[in-house]
Amino acid sequence: MGRIYQSLLVVAAHPDDEVLGCGGTIAHHAAEGSTVNVIFLADGVTARDRADSAEHQRRQAAASQAANCLGIHSVQFHDFPDNRLDTIELIKIAQVIEQAIAQHQPDTVLTHHAGDVNIDHQRVHQAVVTACRPQPGHPVRTLLFFEVPSSTEWQPPGSAPAFTPNWFVDISSTLDCKLKALDAYAEELRVWPHPRSLQGVEALARWRGATVGVEAAEAFILGRYLG
């Protein structure tokens, strides 16, 4: 990103997607003085067997801990059903995002790639695109779609749009911060060589960095940019 962004809004399906998808970018821009706010649409736990209120609270506490680590200004939790966003009318999801945009007035929104395996990621992408329709006076000038290890790369070729990044953020100085923030979500991490392991997340960042000549990077698809 070539210019300083004043306000970024990250719209994530579940707590941990924000760190996996753009944690280094969040830390990078927060350190430069940008205000970063995050909203989570689904609770992230109700699709699991024996999920209870205690697990729900732990997930929210983990998100707050990660936010403190990355320098996020605020987090908001919504309670749409986990892995069932396809059962919710798209307009209802979009309206929640529109409310967050009206509240925070972000110039940049970061959210999921359209082709992820996870249905919640797909629906959040659709809802963000709907909420960010380029109407006169709309505050969002940059729209970016991130990848989430163990979802984006699991989609077979031809089943959905491929993740072909054309926008990169150098996170060489904030990769350690991203990995530290992931420690808050230890219950969500897996053992290497699972892509959602600390080693897998670091390997992806190193590879994305190598493709653009830096130590580490996060990759995005540019949805729209108004300079």
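View A. Asp107 counts as buried because its relative accessibility is 11%, where buried means under 20% relative accessible area, exposed over 50% and partly exposed in between (1.4 Å probe, protein chains only). This is a predicted model, in which local features need pLDDT of at least 70, side-chain atom pairs count only at pLDDT 80 or more, and totals for chains, interfaces and linings use all residues. Residues are numbered from 1 along each chain as its sequence is written, and side-chain values use heavy atoms, with hydrogens and water left out. You'll find Asp107 in the loop between helix 3 (90-104) and strand 4 (108-112); helices (H or I, at least four residues) and strands (E, at least two) are DSSP runs, numbered from the N terminus. Its side chain makes a polar contact of 2.8 Å with that of Thr108 (N or O atoms within 3.5 Å; within protein, one must be able to donate a hydrogen and the other to accept it, and residues adjacent in sequence count only if both atoms are side-chain atoms). Setting aside neighbours within four places in sequence, Asp107 is in contact with Tyr5, Gln6, Ser7, Pro139, Val140, Arg141 and Thr142 (heavy atoms within 4.5 Å).

**View B. Strand 1, covered on both sides.** In strand 1 (residues 7-12), 6 of 6 residues are buried. Ser7, Leu9 and Val11 point one way, while Leu8, Val10 and Ala12 point the other. Strand 1 pairs with strand 2 in the parallel sense over 6 bridges; pairing takes at least two DSSP bridges between the strands. Look for Leu9 opposite Asn37 of strand 2.

**View C. The largest cavity.** This one holds about 90 Å³ of space. A cavity here is a set of points on a 1 Å grid over the protein atoms alone where a 1.4 Å probe fits but cannot get out, and lining residues have an atom within 4 Å of a point. Grid points are joined across faces, edges and corners, and a volume is the space filled by probe spheres set on the points. Of its 13 lining residues, Leu20, Lys178, Leu204, Ala217 and Glu218 are the closest to the centre. Helix 6 gives the largest share, 4 residues.

**View D. The second largest cavity.** About 40 Å³ of space sits here. Its lining is Pro15, Phe40, Ala42, Asp43, His56, Arg59, Gln60, Phe77 and His78. Helix 2 gives the largest share, 3 residues.

Terms used
On a 1 Å grid over the protein atoms alone, a cavity is a set of points where a 1.4 Å probe fits but cannot get out, and a pocket is an open set with protein on both sides within 12 Å along at least five of seven lines; lining residues have an atom within 4 Å of a point.
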